[in-house]
Amino acid sequence: MKNLELSALVNLQSIDSKIYKLNELINQIPEQVDEQNETLVVFDNKMKEVQEEVSIAEKAQKDFEGQIQMLNEKLKEARSKQAMVKTNNEYNALSNEIENDKKKIDLIEESLLEKLEILPDLQEKIRDVESELKVEGQKVSVKIEELNSKKKSYEEELNNLIEEKNNLSSTISKNWLNLYETLLEGKRSLAVSPIVERNCQGCKMSETLQRFFEIRDSEDSIFTCSHCGRILYYKETEIEETSISAQDEVQR
Ligand SMILES: [Zn+2]
């Protein structure tokens, strides 16, 4: 390109496109970190579930033990009463009571044993979930570490590009630089666009043939698109980006 200032603007656009992409990548990182952490939530939930089962079983165990203790005290009382009763009827009534309470104790002991049998299984489940969580947690922290170091290298690249951008900006006149920055903000990060076969690649609208020739053959002036206002430069073939998206179309 003979026009040095236009050439600097084209290079500036290429740097800003890279900056734009890098910022997008950097902004995606926190979400990707969150996604990684979320994969562990399922283990936390599993753990809570098992712990809940354990506490239910432990509570039932305590309840049963309390009931058994109460009944045993009642039995003891009935037995000592029995030693002092005077009539057969009273004696028999107490015997019945004692038998009933014994049966109750047997039933409760059965239930208690059931609960006690569950507990080791639940403890084992907890250990399983813990070790799964440990393995997955390590995988996740490796991935998060990778994401953070990616972010760091993106940021380094970004800083280099910003420095490059500042150096290049100093070679461009204030007027063009101001227009460039305004366009960059307003035109979704594309301020400088190639014109290919009369079409501005920024807005896809075409210039008149006469104006197209002026743009193509100009050696010292800079033109802007008559439709979208972007700074234009002549390019013989389509820009890389459009050819990439054309390839994508074919693949779809
Ligand atoms: Zn345009």
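# Close-up views of a predicted model

**View 1. The largest nonpolar core.** The largest nonpolar core holds 16 residues. Those with the most contacts inside this core are Leu 9, Tyr 180, Leu 183, Ala 191, Val 192, Ile 231 and Leu 232. Four elements each supply at least two residues of the core: α1 (4–38), α4 (174–186), β1 (192–196) and β4 (231–234). The largest share, four residues, comes from α1. A nonpolar core here is a set of buried Ala, Val, Leu, Ile, Met, Phe, Trp, Tyr and Cys residues joined through C-beta atoms within 7 Å. A residue is buried if 20 or more other C-beta atoms lie within 10 Å of its own, exposed if 12 or fewer, and partly exposed in between, with C-beta atoms placed from the backbone. Helices (H or I, at least four residues) and strands (E, at least two) are DSSP runs, numbered from the N terminus. In soluble globular proteins, nonpolar side chains tend to be buried together.

**Numbering and confidence.** Residues are numbered from 1 along each chain as its sequence is written. The model is predicted: local features need pLDDT of at least 70, side-chain atom pairs count only at pLDDT 80 or more, and totals for chains, interfaces and linings use all residues.

**View 2. The surroundings of Ile 231.** Which residues are in contact with Ile 231, leaving aside neighbours within four places in sequence? They are Leu 9, Tyr 180, Leu 183, Ala 191, Val 192, Ile 222 and Thr 224. Contact means that two C-beta atoms, placed from the backbone, lie within 7 Å. Val 192 is also the bridge partner of Ile 231 in β4.

**View 3. The open sheet.** Four strands form an open sheet in the order β2-β1-β4-β3, with mixed pairing. Two strands pair if DSSP finds at least two bridges between them. The edge strands are β2 (199–200) and β3 (223–224), each pairing on one side only. β1 and β4 pair in the parallel sense, over four bridges. β1 and β2 run antiparallel and are joined by two bridges. Strands of a sheet pair through backbone hydrogen bonds, either parallel or antiparallel. Four of the five residues of β1 are buried, so this strand is largely enclosed by the rest of the structure.

**View 4. The β1–β2 hairpin.** β1 and β2 form a hairpin with two residues between them. Ile 195 stands opposite Cys 200 in β2. Val 196 has Asn 199 of β2 as its bridge partner. Glu 197 lies in the loop between the strands β1 and β2. Its phi is near 45°, a positive value in a residue other than glycine. Glu 197 counts as exposed because it has 11 C-beta neighbours inside 10 Å.

View 5. Lys 204 is found in the loop between β2 and α5 (209–217). Lys 204 has a positive phi of about 70°, although it is not a glycine. With 11 C-beta neighbours inside 10 Å, Lys 204 counts as exposed.

**View 6. Helix α1 along its length.** The 35 residues of α1 should span 51 Å at 1.5 Å a residue. The end C-alpha atoms of α1 are 52 Å apart, which agrees. The expected span is 1.5 Å times one less than the number of residues in the helix. A kink of about 30° lies at Ile 29, shortly before the proline Pro 30. The bend at a residue is the angle between axes fitted to the seven residues ending there and the seven starting there. Leu 6, Ala 8, Leu 9, Leu 12, Gln 13 and Asp 16 of α1 are buried. What covers the buried residues of α1 includes α3 (88–169), α4, β1 and β4.

**View 7. Gln 36 in α1.** Gln 36 is found in helix α1. Is Gln 36 buried, exposed or partly exposed? Gln 36 is partly exposed, because 17 other C-beta atoms lie within 10 Å. Gln 36 touches Val 140, Lys 143 and Ile 144, not counting residues up to four places away in sequence. The C-alpha atoms of Gln 36 and Val 142 are separated by 10 Å, although these residues are 106 residues apart along the chain.

View 8. The protein chain is divided into domain 1 (35–166) and domain 2 (173–251), with bounds from an automatic or database domain assignment. The domain centres, taken over C-alpha atoms, are separated by 68 Å. Lys 59 lies in helix α2 (residues 41–82). Lys 59 counts as exposed, with 11 C-beta neighbours inside 10 Å. The C-alpha atoms of Lys 59 and Ser 153 are separated by 54 Å.
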